[in-house]
Amino acid sequence: MADTLLKLSHLHKDFAVNRSLLQGHRKRFVSAVSDVSFTIERGQTMGLVGESGSGKSTIGRCIIRLINPTSGTIDFDGHDVASLKGRDLFNFRREAQIVFQDPQASLNPRMTIGEVVSEPLVIHRTGTKAERIAAVKGLLETVGLNPEHINRYPHEFSGGQRQRIGIARALALKPKLIVCDEPVSALDVSIQAQVLNLLDSLQAELGLTYLFIAHDLGVVQHISDTVAVMYLGTIVETAPVNLLYSAPRHPYTQSLLSAIPVPDPKVQRTRSRIILRGEVPSPIDPPSGCRFSTRCPVAQARCSQERPDLHEIEPGHFCACHFPSPTTP
Amino acid sequence: MDGKMTDREDGGMGGRAAETVKGAPAVRADGAPTDPADAAGTAGTADLLKVENLKMYFDTPDGLVKAVDGVSFTLNLGETLGVVGESGSGKSVTAMSIMGLVPMPPGKIHGGNVLFKGQSLITISEKDFQKIRGNNIAMIFQDPLSSLNPVYRVGKQVGEGLTIHKGYKKKQAFARAIELLDLVGIPNAAERARDYPHQFSGGMRQRAMIAMALACDPEILIADEPTTALDVTIQAQILELMQSLQKRTGSAIIMITHDLGVVADMADRILVMYAGRPVEYGTTDEIFYQPLHPYTWGLMRSIPKRTAGDKEPLTPIKGNPPSLINLPAGCAFSPRCPYAQPRCHEEGPVLVKLAGAHASACHFSDDPAFLENSPLHDDEDADTVAPGAVAGMAAPEGADTRRGHSDG
Ligand SMILES: Nc1ncnc2c1ncn2[C@@H]1O[C@H](COP(=O)(O)OP(=O)(O)O)[C@@H](O)[C@H]1O
Ligand SMILES: Nc1ncnc2c1ncn2[C@@H]1O[C@H](COP(=O)(O)OP(=O)(O)O)[C@@H](O)[C@H]1O
Ligand code: SF4
Ligand SMILES: [Mg+2]
Ligand SMILES: [Mg+2]
C-alpha cells in the first residue's frame, strides 16, 4: 500500500526581480516554479531532472522551507508545511534536510568538521556535549570518515570527503527526508560512485526518503525509483524510472534523453539525436500555453494557446502534453 | 549571474527556434571511427601532430608538480583524439603545453617534444609560434570568458585572427565573423556580432568561441571540456556542430573531457591519463570493449548504469587521486588498484604497445588470466539500460534528427 511522505500540490514560486530604470519600474516576476504537483513515497527516491534554471533547486528549497512558496500546499507526513512559521517551522527542520552540490561552498571553512556536523544538534539543543561528540563520531563513521578526524578543518579533506561531511550533517537530526541538490555533480566519476553508494546504503539502513536533484540523467537513473522531468518551472513528465527511460512520451523528455551521449560507442553510433533549436526562454515572460511550445518539434496551434495538464496517460505515468507520442509497442 | 534569466533576448529567441544549425549535414555519413590506416595512407608526409614523451613540471613552493610526465600520441587530419582522466590528471596542462600557453616559470619542460608537421613547437621562437597559434592550431576552453575580452564586440574578436593571420582588412574580417557566427548557429548573427560577450548566454558564448577558433580554418582544434559547463541539449548542439565542421574541413580534434559519453560519441582514439601519465591508449572501441588497464576498468565500472528492475551498487575506485608532488612508489595507481601485487608498489610500469597501437601501462596487461578481471567479464545482463539509450525510440515527426542509423 502506498505510504506517501511528501505530496506537493499546485506549488508556485515567483521571485520579484528589479528591472533597470531603462526598462521601467514595473515590478516583474520570475515564474521559477509553476503549478508543480508530485508525491514521494516513504523510503523511496524521486529524481528531479531538467536543465539549469528549470526550477529544481527552487522546489527543493521550498520543501525544506528555506524559502516560502508563493502558493500551493506541501503535505509532509500528513501536515501542510507550506505556511509553517516560528516554533512549528523550527520543529519541522528536524524532519527535512538538504545536501548541496558544492561541498566547498556549503561548509564553513573556520569550523572543524566536528562543529559542522554537530551544529544542527546544538541549534536543536539535542543531548549533552559529550553525547553530541559521541553522536558526531558515530555519524562520521556512518558516512565512511575517520571519527578521529573530528577536529580537522574542511580544507583538509578531498571533494568526495567533504560531500560525506555534508551528508553527515544532514543526517544529524535523523530527518525523514533529505533533499539532495546536485550532490555529486562536482565530483569525478569514480568519487561520484562512492557517494552514490553511500546514499543508497544510508537509505536502506535508515529508511530515508530522497528528493534527488541532478542534471546527469545517468546518475538519476541509477538512484531513483521515480523521475520527474522539469522544463521552465513545470513538470512535463513523471513516471517510474524504467518506464520514463525506456518509453518517454513527452517530446522534451525524448529530446533530453536523446541528447545525452551514452558511454557505449556502438550504442551511441546507432542513436538518433533530437536536436532542440534555440535556448530555453526566459522565465520572466514564459511562453503562453505549453511552456515548451516555442521549441517543441511537434507543436500545433493549440499548444501556444492552452496549457496542457500533467495527466495520467498510463498507470503511474504522467505527461503534460497535448500530443504525447504514442506508446512504443 | 544567471544569463538565462536576465538575458531578455533569450526569451525572444525561443520563439525563433526554428532556425537550424546552419550547414550541419542531415546525417552523419557513417558512425564508424576513422580507420587509422586510411588517415596514414593519404599523407606521405610527417604526422600532423606528434607528441613525444612530453614532460611539463611546475616548480611550486610545495615541491615539483609533475603535471605531465611522459605523454605521447600522434594525430592526423580528420581524426579525433579523446583525452580522459580525473581532474588533476594533467589533461589541461597537456593541451596548454601543446599550445605553448603554459607560464614558464613556474612551468618547465623536462623533456620530450611536440612536432607540428615535423616542426618542433618546443624549440620554436615565440614569434613563429604566434603564426601557428590561432591559425593552424586553435583552442576552445571550458570557460568562454577566459578567451573573450569583455570590452570588445563579439564580431571583432571572432574576426581578429583573420586580420592577424590572413591579411584581412577590419571590415572584411567583421563580415566574415558574421558568417562564422551564423555558421555556429547564432541567430541574427549580423546584429549579434555587435554585442559584447556579457550580452550572450553561456551557450552562445561557447559558440562564439568556437567561431573564433574556426576563423582561420585550423588544422587542429583542441577543445578542453568545451561542454562541461553546458546543459545536455546545448552540449548536443555543440558536439553536432564540431562534428559537422570537422567533416567539412577535415580538421583534427583533441577532445578533452571527463565524460566517457562524450568520447564514446566523438573520439576515434582515446588517451586515458592518470596522475600526469598516459595509462592506456587505443581506438575508442579498444578502450571501451577491450580495456587493458585497471584504472580504465575502474572508470568504466564507476559509470552509473542500471539493470532494468533493480538498483545495483556501483563499483567505485577506492581512495583519491595522488598528489603529483609525492607520487606513490611504483605504479602511481597501485594504492587504489584492486589488483595490485607487491611488484606494483616497487616498480613503475611503462606504457607498452600490446596489439597494434593499443598500449597500456600495467605490469600485467599482457597476461590473459589477469585480463579476466576486466569489466568485460562482469556478469553481463542483456537488459542493461544505458542512460538515455532508449530502445527503438523514434524521433517525433518533424524533429531535427541529424544522426542516421547505421546498422553495422
Ligand atoms: N532568489 C532568486 N531571485 C530571483 N530569481 C531566482 C532566485 N532563485 C532562483 N531564481 C530563478 O528561478 C529560476 C529557477 O532557478 P533554480 O531553481 O535555481 O533552477 P535549477 O536548480 O533547476 O537550475 C531561474 O530562472 C533562476 O534564475
Ligand atoms: N600554473 C601551475 N602551477 C602549478 N601547478 C599547476 C599549474 N597548472 C596546473 N598545475 C597542476 O598540474 C596538475 C594537472 O592539472 P590539469 O592539467 O589542469 O588537470 P586536469 O585538466 O586533468 O584536471 C594539477 O595538479 C594542477 O594543480
Ligand atoms: S504540448 Fe505541444 S508544445 Fe508542449 S510538448 Fe506537447 S506537443 Fe510540444
Ligand atoms: Mg539548482
Ligand atoms: Mg582541465
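Predicted model: local features only at pLDDT ≥ 70, side-chain atom pairs only at ≥ 80, totals over all residues.
A residue counts as near a molecule if its C-beta atom, placed from the backbone, lies within 6 Å of it.

**Around ligand 2**

The shell holds 15 residues, and those that come nearest are F58(B), A67(B), K91(B), S92(B) and V93(B). Three elements of chain B each give two or more residues to this shell: β1 (49–60), β2 (63–75) and α4 (91–98). Which of them gives the most? That's α4(B), with three residues. Sorted by class, the shell looks like this:

| Class of residue | Residues in the shell around ligand 2 |
|---|---|
| Nonpolar | seven residues |
| Polar | seven residues |
| Charged | one residue |

**The chain and its sheet**

Stepping back, chain B has 14 helices and 14 strands. Of its 408 residues, 50% are buried. If you take the contacts in chain B with a separation of 6 or more, 66% of them join residues 24 or more positions apart.

Eight strands of chain B make up an open sheet with mixed pairing, in the order β6-β7-β8-β3-β9-β10-β13-β12. Which strands sit at its edges? They are β6 (137–140) and β12 (352–355) of chain B, each pairing on one side only. On average, neighbouring strands here are turned by 20 degrees against each other, ignoring direction.

Within that order, take β3 and β8 of chain B: residues 80–84 pair with residues 252–256 in the parallel sense, over four bridges.

Note on methods: Residues numbered from 1 in each chain as written. Chains lettered and ligands numbered in written order. Pairing = 2+ DSSP bridges. Axes fitted to C-alpha atoms, helices over the stretch in contact; angles between N-to-C directions. Buried ≥ 20, exposed ≤ 12 C-beta atoms within 10 Å, placed from the backbone. Contact = placed C-beta atoms within 7 Å. Nonpolar A, V, L, I, M, F, W, Y, C, P; charged D, E, K, R; others polar.
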